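Hi,

Here is the structure I promised to pass on.

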Amino acid sequence: ATAGPAHPAGIVSPTGAPLSAVTDFIHEVASVSLRDIAGVDRARAVEIIRSPAFLLLSFVAVAPLAIESLDGVHAILNGLAIWSGILWALLMYRLFAGGQIGVVWAIGTVFFTAFIGIPLLTVYLQMPGDIFGRLEKIGFFPLTLAAYILGVGVREELTKAIPLFLIVRFTSRMENPTAGIVLGIMSGIGFAITENVFYVYTNLNEALGAARRTGQLIHLVGPIYTNVVRMAMTPFFHGCLAGIFGYFIALAAVDRARRWPLLVAGLAIAATLHGLFDTLVPRSPLWGVLVEGVTFFLLLTYVLKARGLTSASELTHGLFGPPPTTAAAEGPGAS
């Protein structure tokens, strides 16, 4: 027989052509996939698993699903509160620490306040004679504000400062304003973790009780939304307040001659902002937004002073800006 035009291998007859083409395509896909998988050796795999990007993003994305597998509502709420707090702690540590305080000290401060500081505050609150609690219920704005500043702001900011005072007493690490700010932030986040567990669980129980009594699930909507807001916002706000006081504690550790004026000034600022927030936010969440914004702005001024930076944008280098390798590749003349 006379030879016809050449055909690709495997495509000889009309009946066998489609099946052979599909088989060849599957083999080609399999070979590409195997080559890609084999391209990641053991050393590269270990390096990826240990990298901050892998650990942080995995913690953000995977931890909530793992928390969902916990047994019981209380355990899940505890897990979510800890997850939210640790996430804020990692982010704020990355932005503000500047390598001047170790991560072990930072996370240790978070858990000290969460599991030791809060129980001490609870014991204090169980003592009789809560004058400020009665003033809060009167409804007269100046008295309510004073009660929240003195009865809530002062006692909670002093509670968050316990680990910082201990560090001042037994080490020299707090003789660095940046360390004071960062450890203060970490203590505030630890406070918020435990506080959120209490309030979220209490709000949920009250909402479930109302739903059972009325048979209307609408009672769950408000508390669920409130709980989500608390998880997202309070670690940040408590961290900012405690970071402000921590800055002044560090200044007092260095300047012993002005120790008490600096401590009183720092406590007064943090407690007043705390009291303003608690007084105004029930009237409108927008007042809370304003107080929180002012608090964060003030904290940033202290961070810049402590780290000797001239611009707040320097805090986010390597986080939100272009990667260093890209800038280097573009060269000095890049626009």
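Let's start with the lining of the largest cavity: its residues split into 5 nonpolar, 2 polar and 2 charged. (Nonpolar here means Ala, Val, Leu, Ile, Met, Phe, Trp, Tyr, Cys and Pro; charged means Asp, Glu, Lys and Arg; the others, Gly among them, are polar.) Lining residues have an atom within 4 Å of a point on a 1 Å grid over the protein atoms alone, a cavity being a set of points where a 1.4 Å probe fits but cannot get out, and a pocket an open set with protein on both sides within 12 Å along at least five of seven lines.

Mind that this is a predicted model, with local features needing pLDDT of at least 70, side-chain atom pairs pLDDT 80 or more, and totals for chains, interfaces and linings using all residues. Numbering runs from 1 along each chain as its sequence is written, and side-chain values use heavy atoms, without hydrogens or water.

The whole structure has 1 cavity of 30 Å³ or more. Its volume is about 40 Å³ (the space filled by probe spheres set on points joined across faces, edges and corners). Helices H7 (141-170) and H9 (221-254) each give two or more residues to its lining; helices are DSSP runs of H or I, at least four residues, numbered from the N terminus.

The largest pocket holds about 1,100 Å³. Among its 32 lining residues, Glu195, Tyr199, Arg230, Thr234 and Asp278 are closest to the centre. H9 supplies the largest share, 8 residues.

The second largest pocket is about 350 Å³, and its lining has 11 nonpolar, no polar and 1 charged residues.

Cheers
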